[in-house]
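Subject: Structure handover

Hello,

Here is the structure I promised to pass on. Please open it first, then read my notes below.

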Amino acid sequence: MNKSPAAVAAAGDRGASGPNTLRRGLRVLDALRAAGPEGLHVVEVAQASGIQRSTVYRFLDVLIESGYAMRDPATRRYRLAAGKLGATPDVHAAAVARWSPVLRGISDETGDSAFLICRAGNDSLCLHREVGNYPVQVLAVTVGHRQPLGVGAAGLAFLSALPMQEAAAIVEENAPALRAYGRMTPGRLRQLIDSARDRGWAVVGNSAVPGVIGVGVAIRDADGRPTLAISVSSLVDRMPAARQRRIAELIAQAVRGGGAPA
């Protein structure tokens with residue numbers, strides 16, 4: 001009788017040593033490498049490698065101790081350490097190098113703060129911020145800030161650019177966390193996603209930061225999937241509908257220009 005891959009892996013967990021132990025460790029490394037900078041929860045590592053979770057914990061402990069992996073205490077995700085085994089430590093740095101001149105130009109043009117975000121699981125992660133010259137700036141969101149996708153303008157633009165089923169699943173999973181952001185609800189977020197899809201850009205106010213409206217545009221790859229998003233945020237009084245459209249057009253034009261060469 002042929003054994004399933006899971007059964008084979010479980011048998012290997014019980015009795016393997018020497019070369020087999022090395023092979024299992026390499027499977028864990030392969031899972032982390034494939035996950036990239038977002039990393040994986042331990043359950044996901046176990047699923048990807050076909051190794052029991054208790055054994056995965058032991059491998060991860062050794063990898064962390066040896067400097068090959070790291071664990072994000074906030075998300076409890078594991079990923080390869082920068083510079084190890086061909087890991088790509090500067091994926092975010094490359095994005096910042098490419099798009100920061102664009103953000104600087106947008107901030108200079110609008111006078112307001114501009115933000116670059118990427119996806120981190122079901123959250124948005126702020127990679128870069130440029131501050132404008134208007135006396136009052138939106139400074140609550142800083143580099144490294146994470147929040148559920150959709151509660152900010154850039155995250156909403158990213159979310160609305162995802163396939164409908166994928167976006168719906170993210171909204172559902174983030175539902176318990178949404179109420180902390182301006183009483184955002186899954187229903188309201190779905191409406192915002194629909195509106196963003198209709199117009200081609202996102203706008204959301206009084207959510208991530210009270211008294212602030214943001215306008216966001218997704219950056220897509222050749223297949224049309226979002227990879228990053230850019231937003232501009234300012235005080236509600238500075239964001240009438242006509243200005244929202246002008247800023248969205250400004251960001252979209254910059255995105256079409258492709259950013260500065262990395």
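Let me start with one pair. E172 forms a salt bridge with R190, with the closest N and O atoms 3.6 Å apart. A salt bridge here is a side-chain nitrogen of Lys or Arg within 4 Å of a carboxyl oxygen of Asp or Glu. E172 lies in helix α7 (residues 164-178) and R190 in helix α8 (residues 186-199), so the pair ties together parts that are 18 residues apart in sequence. Helices (H or I, at least four residues) and strands (E, at least two) are DSSP runs, numbered from the N terminus. R190 is partly exposed, at 37% relative accessible area. On this scale, buried means under 20%, exposed means over 50%, and partly exposed is in between (1.4 Å probe, protein chains only).

Before you go further, note how the values were made. This is a predicted model: local features need pLDDT of at least 70, side-chain atom pairs count only at pLDDT 80 or more, and totals for chains, interfaces and linings use all residues. Residues are numbered from 1 along each chain as its sequence is written, and side-chain values use heavy atoms, with hydrogens and water left out.

**Salt bridges**

How many salt bridges are there by this rule? The count is 10. Take D30 and R33. Their closest N and O atoms are 2.9 Å apart. Both residues lie in helix α2 (residues 19-35), 3 residues apart, about one turn of the helix. D30 is partly exposed at 44%. R33 is partly exposed too, at 40%.

Now look at helix α5 (residues 91-110). It holds both D108 and R104, which are 4 residues apart, about one turn of the helix. They form a salt bridge, and the closest N and O atoms are 2.9 Å apart. D108 is partly exposed at 47%. R104 is partly exposed at 28%. Salt bridges with shared partners join R104, D108 and E130 into one network.

**Cysteines**

How many disulfides are there? The count is 0. A disulfide is a pair of cysteine sulfur atoms within 2.5 Å. C118 is buried, at 6% relative accessibility. C126 is buried as well, at 2%.

**Rings and charges**

The structure holds 0 aromatic pairs. To pair, rings of Phe, Tyr and Trp (its six-membered ring) need centres within 6.5 Å; planes under 30 degrees apart count as stacked, over 60 as edge-to-face and the rest as tilted. Charges do sit over rings, though. The charged end of R199 is over the ring of W201, 4.9 Å from its centre. R238 lies over the face of Y134, at 3.7 Å from the ring centre. The rule asks for NZ of Lys or CZ of Arg within 6 Å of the ring centre and within 35 degrees of the ring normal.

**Two covered places**

Is helix α6 (residues 153-161) mostly covered or mostly exposed? It is mostly covered: 9 of its 9 residues are buried. Among them are L156, F158 and L159.

R77 sits in strand β2 (residues 77-80). R77 is buried, at 16% relative accessible area. Its side chain reaches the backbone oxygen of G39 at 2.9 Å. Leaving aside neighbours within four places in sequence, R77 is in contact (heavy atoms within 4.5 Å) with residues including E38, H41, E44, D72 and G121.

Best wishes

Definitions and conventions:
Polar contact = N/O pair within 3.5 Å; in protein donor to acceptor, adjacent residues only side chain to side chain.
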